[in-house]
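Visitor: I have a sequence and a model side by side, and I would like to learn how to read them together. Could you take me through the features step by step?

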Amino acid sequence: MSEASSPDRPADDLRRRKLMDAALTVFLRFGFRKTSMDEVARAANVSRQGLYLHFATKEELFRASVAYFLDTALAAAAAALADAERPLEERLVATFDTWVGQFVGALGSEAADLAAATKELVGAVVEEREGQFIEAVEEALRASGLVAAYAPAGVTGRQLADTLYASARGLKYGAATREAFVEGMSVAARVVCLPQREAREKRTKQGPPGPRPEGGRPRKARGKAR
């Protein structure tokens, strides 16, 4: 196999990215078995020979396209989690929408065939990237301090991340639209982040702390002299 057609080559070439973007669209619509290299070439607006110059077989194109998609989605999810300007709830919803929500309504009638091909051809890659995604979510939950609130109940950060992922997978097949997916994940994230929300509301009601004298102890209010 030549270097140009290697599925392990980084997707840093604009033409290869264009081909893989087109291939993903076609695979999602028709599944693996019914997709032909001719259809991908037409979708990418290139010749069949131009497509084969980069990818020698449909299997090779599929592997490279799925790996490219996963890496791109993982980077976008990590960026959403790292956005400190947004509340944790919003970051979690954006992250799961990037990783899972974009599939809602995008899968064609050959979804089962596509799932089977994914398991057979790139199953190990998918499992690895999913593990990295869950670890990123777990790290964000820990960094926020939220995991400590669940410690008395014996719930770990990984279990919280797994619970959110299970909700996302259920909504992937149960939500009619991507908007419905986002709405459902918003509820799931709100429930998980409830301790953080309650703590924030409690601080708001208490107001800012009063001035402290030297020594760090609050100054007691003096009563009127009699």
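Guide: Let us begin with how the elements are assigned: helices are DSSP runs of H or I with at least four residues, strands are runs of E with at least two, and both are numbered from the N terminus. Please keep in mind that this is a predicted model. Read along the sequence, the chain then follows the pattern α-α-α-α-α-α-α-α-α-α, with 10 helices and 0 strands.

Visitor: What percentage of the residues in the chain is buried?

Guide: Of the 226 residues in the chain, 37% are buried. As for contacts between residues with a separation of 6 or more, 68% of them are accounted for by residues 24 or more positions apart.

Visitor: How should I read the packing of two helices, and at what angle do H1 and H2 pack?

Guide: Two packed helices are described by the angle between their axes and by the distance between those axes. Here helix H1, residues 14-30, packs with helix H2, residues 37-44, at an angle of about 125 degrees, and their axes are 8 Å apart. The two helices are therefore oblique to each other, and H1 passes H2 in a right-handed crossing. On the H1 side the contact is made by Lys18, Leu19, Ala22, Ala23, Val26 and Phe30, and on the H2 side by Glu39, Val40, Ala43 and Ala44. By class, these residues divide into 8 nonpolar, no polar and 2 charged.

Visitor: How are H8 and H9 oriented to each other, roughly parallel or roughly antiparallel?

Guide: The axes of helix H8, residues 157-174, and helix H9, residues 178-192, come within 10 Å and cross at roughly 160 degrees. Angles over 145 degrees count as roughly antiparallel, and H8 and H9 are therefore roughly antiparallel to each other. Their crossing is right-handed. The contact is made by Leu160, Leu164, Ser167, Ala168, Leu171 and Lys172 of H8, together with Phe181, Gly184, Met185, Ala188, Ala189 and Val192 of H9. Sorted by class, the contact of H8 with H9 has 9 nonpolar, 2 polar and 1 charged residues.

Visitor: Turning to charged side chains, how many salt bridges are there?

Guide: Side chains of opposite charge can pair when their charged atoms come close. With a cut-off of 4 Å between a side-chain nitrogen of Lys or Arg and a carboxyl oxygen of Asp or Glu, the count comes to 8 salt bridges. One of them pairs Asp97 with Arg178, whose closest N and O atoms are 2.9 Å apart. This pair links distant parts of the chain, since Asp97 lies in helix H5, residues 88-99, and Arg178 lies in helix H9, 81 residues apart.

Visitor: Is Asp97 buried or exposed, and what is the relative accessible area of Arg178?

Guide: Asp97 counts as buried because its relative accessibility is 15%, under the 20% cut-off, whereas Arg178 is partly exposed, with a relative accessible area of 34%.

Visitor: Which residue forms a salt bridge with Glu138?

Guide: Glu138 pairs with Arg142, the closest N and O atoms being 3.2 Å apart. The two residues are separated by about one helical turn, because they are 4 residues apart in helix H6, residues 111-143. Glu138 is buried, at 15% relative accessible area, while Arg142 is partly exposed, at 42%. Elsewhere, salt bridges that share partners join Asp71, Glu128 and Arg129 into one network.

Definitions and conventions. Residues are numbered from 1 along each chain as its sequence is written. This is a predicted model: local features need pLDDT of at least 70, side-chain atom pairs count only at pLDDT 80 or more; totals for chains, interfaces and linings use all residues. Side-chain values use heavy atoms; hydrogens and water are left out. Axes are lines fitted to C-alpha atoms, for helices over the stretch in contact, and angles run from 0 to 180 degrees between N-to-C directions. Angles under 35 degrees count as roughly parallel, over 145 as roughly antiparallel, 65 to 115 as roughly perpendicular and the rest as oblique. A crossing is left-handed if the near helix is turned anticlockwise from the far one by less than a right angle, and right-handed if clockwise. Contact means heavy atoms within 4.5 Å. Ala, Val, Leu, Ile, Met, Phe, Trp, Tyr, Cys and Pro count as nonpolar, Asp, Glu, Lys and Arg as charged, and the others, Gly among them, as polar. Buried means under 20% relative accessible area, exposed over 50%, partly exposed in between (1.4 Å probe, protein chains only).
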